[in-house]
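Dear colleague,

I am passing a structure on to you with this email, and below it I have set out what was found in it. Please read the notes with the structure open beside them.

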Amino acid sequence: MKSSVAYLGQIKVDGDGLPTTQNKIDDLLNAPNPSYISELQSYLGLLNYYGKFLPNLSALLHPTS
């Protein structure tokens with residue numbers, strides 16, 4: 001009886017695609033720097049998964065000199 005349901009950090013919307021919650025995006029962008037290789041690997045995995053919800057991700061990840 002609901003039009004959307006929060007599930008695993010995403011909002012499942014029938015017929016309109018699969019948006020994500022803004023809280024998950026904010027957490028991803030404001031995460032602390034990883035201290036260990038396993039933390040870095042976990043963060044990169046999350047970034048790959050949620051990257052489709054982040055506009056201009058390539059510009060954000062581009063290294064600056």
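**The tyrosine pair and its surroundings**

Y49 is partly exposed, its relative accessible area being 40%, whereas Y50 is buried at a relative accessible area of 4%. Please bear in mind throughout that this is a predicted model. Y49 and Y50 both matter to the next point, since the structure holds one aromatic pair, and the rings of Y49 and Y50 make it edge-to-face because their planes stand at 90 degrees, with the centres 5.0 Å apart.

**Overall layout and confidence**

The secondary structure of the chain comes to three helices and two strands, and from the N terminus on these elements follow the order β-β-α-α-α. Of the 65 residues in the chain, 17% are buried.

As for confidence, the mean pLDDT of the chain is 76, with 68% of its residues reaching 70 or more. Among the elements, helix α2 (residues 37–50) has the highest mean pLDDT, at 88, while strand β2 (residues 10–13) has the lowest, at 60. Where pLDDT is low, the predicted coordinates should not be read in detail, and I would ask you to keep that in mind when you look at strand β2, with its mean of 60.

**The nonpolar core**

Which residues form the largest nonpolar core? There are six of them, namely I25, L28, L47, Y50, L54 and L57, so that Y50, buried as noted above, belongs to this core as well as to the aromatic pair. The elements that contribute two or more residues to the core are α1 (22–29) and α2.

G51 lies in the loop between α2 and α3 (57–61), and with a relative accessible area of 16% G51 is buried, as it falls under the 20% cut-off. The C-alpha atoms of G51 and I25 are separated by 9.3 Å, although these two residues are 26 residues apart along the chain; I25 is one of the residues of the core described above.

With best regards

How values were computed. Residues numbered from 1 in each chain as written. Predicted model: local features only at pLDDT ≥ 70, side-chain atom pairs only at ≥ 80, totals over all residues. Heavy atoms only, no water. Phe/Tyr/Trp six-rings, centres within 6.5 Å; stacked < 30°, edge-to-face > 60°. Buried < 20%, exposed > 50% of the residue type's maximum accessible area, 1.4 Å probe, protein only. pLDDT = per-residue confidence, 0-100. Helix = DSSP H or I, 4+ residues; strand = E, 2+ residues; numbered from the N terminus. Core = buried A, V, L, I, M, F, W, Y, C linked by side-chain atoms within 4.5 Å.
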